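The following report walks through selected features of one structure, one region at a time. Please keep the sequence and the model in view while reading.

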Amino acid sequence: VVERFARSRHDPSLAVIEGFHALKHALRFGAEVLEAVAPDLGALDRLARELAPDVAGRLAEVVAPVDAGLFRRLVPRGSAEVAAIARRPEAGVSEALVSGGPAPAVLLDSPRHPSNVGAAIRVAAAAGARAVAVTGDQDPWHPAAIRGAAGLQFALPVGLVPALPASARPLVLIDPGRPALDPRMLPDGAVLAFGSERRGLGEELRGRADLSVGLPMRDGVSSINLAAAVAAVLYAWRLGRA
Ligand SMILES: C[S@@+](CC[C@H](N)C(=O)[O-])C[C@H]1O[C@@H](n2cnc3c(N)ncnc32)[C@H](O)[C@@H]1O
């Protein structure tokens, strides 16, 4: 079991899910769980009945007991109650950048931190975004990103893309210092692009933008956190639509 979990962390067709909340969301959004283990099934069942009764039965079906010492070797960091291996769904991320309904898609341009990638996916799922595409080398299905997203990778198309496709929907750059965002100006089905934590947006995207907008900040503040910017823009869109 130790080897299976270690191998799965590097298998692009699989996802390692650590922790109750991540597995709860994965199950809720239809994850195909191949294997799941927990050191204390009674505690896990109590947690599920209290916090997520809708998945308690399914959780009890899929989770097998494992020795506590062995479990710590499967999940070396953190205080997860359960760990699982699931199949990654067929994402369709590139397709979501060129087609789909009026909800925006999020493009993260070479982000650096899996925790930011995870937090951005979590809020994108909550706000009803169409997809989250990521350029660069940070896999949005990395176990740390899955923890950061509380498993919401399973709720919408999420994946790495080599670049923004040529026929992508209208491209809106979210860029500090640009004119303030007015959510009514966001075109239907827009691709909202966010830059990396240190360098911001890359030149390739800057050359292709249909619109560039910013989130106003008080004097002296240069930028806000990447995932916080994703949250602010998506909720401006969602609340503006209402
Ligand atoms: C930490 S910021 C990058 C800061 C970088 N030094 C720059 O100047 O772009 C990461 C990303 O979050 C978004 N962001 C952060 N603060 C923003 C703001 N006030 N307005 C618009 N976007 C913002 C942008 O997409 C930005 O590329």
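An α-helix has 3.6 residues a turn, so residues three or four places apart point the same way.

Helices (H or I, at least four residues) and strands (E, at least two) are DSSP runs numbered from the N terminus.

## Basis of the model

This is a predicted model, in which local features need pLDDT of at least 70 and side-chain atom pairs count only at pLDDT 80 or more, whereas totals for chains, interfaces and linings use all residues. Residues are numbered from 1 along each chain as its sequence is written, and side-chain values use heavy atoms, with hydrogens and water left out.

## Nonpolar cores

The largest nonpolar core has 55 residues, of which Leu-108 and Phe-194 touch the most other members; such a core is a set of buried Ala, Val, Leu, Ile, Met, Phe, Trp, Tyr and Cys residues joined through side-chain atoms within 4.5 Å. Apart from it lies another core, of 13 residues, among them Leu-97, Leu-107, Leu-171 and Ala-193.

Not counting residues up to four places away in sequence, Leu-108 has contacts (heavy atoms within 4.5 Å) that include Val-117, Val-132, Phe-194 and Leu-226.

## Ligand surroundings

The ligand is surrounded by 16 residues, and the closest are Ile-174, Gly-195, Leu-215, Met-217 and Ile-224; a residue is counted if one of its heavy atoms lies within 4 Å. An oxygen atom of the ligand is 2.5 Å from a backbone N or O atom of Ile-174, and a polar backbone atom of Gly-195 is 3.0 Å from an oxygen atom of the ligand. For Leu-215, a polar backbone atom lies 2.9 Å from a nitrogen atom of the ligand. The protein covers 85% of the 560 Å² of accessible area that the ligand has on its own, as computed by the Shrake-Rupley method with a 1.4 Å probe.

Val-213, in strand E10 (residues 211–213), is buried at a relative accessible area of 3%. Leaving aside neighbours within four places in sequence, Val-213 is in contact with residues including Ile-174, Asp-175 and Arg-178. The C-alpha atoms of Val-213 and Ile-224 are separated by 14 Å, although these residues are eleven places apart along the chain.

Most residues other than glycine have a negative phi.

Ala-150 is placed in the loop between helix H8 (143–148) and strand E7 (158–160), and is buried, with a relative accessible area of 5%.

Conventions
Buried means under 20% relative accessible area, exposed over 50%, partly exposed in between (1.4 Å probe, protein chains only). A polar contact is a pair of N or O atoms within 3.5 Å; within protein, one must be able to donate a hydrogen and the other to accept it, and residues adjacent in sequence count only if both atoms are side-chain atoms.
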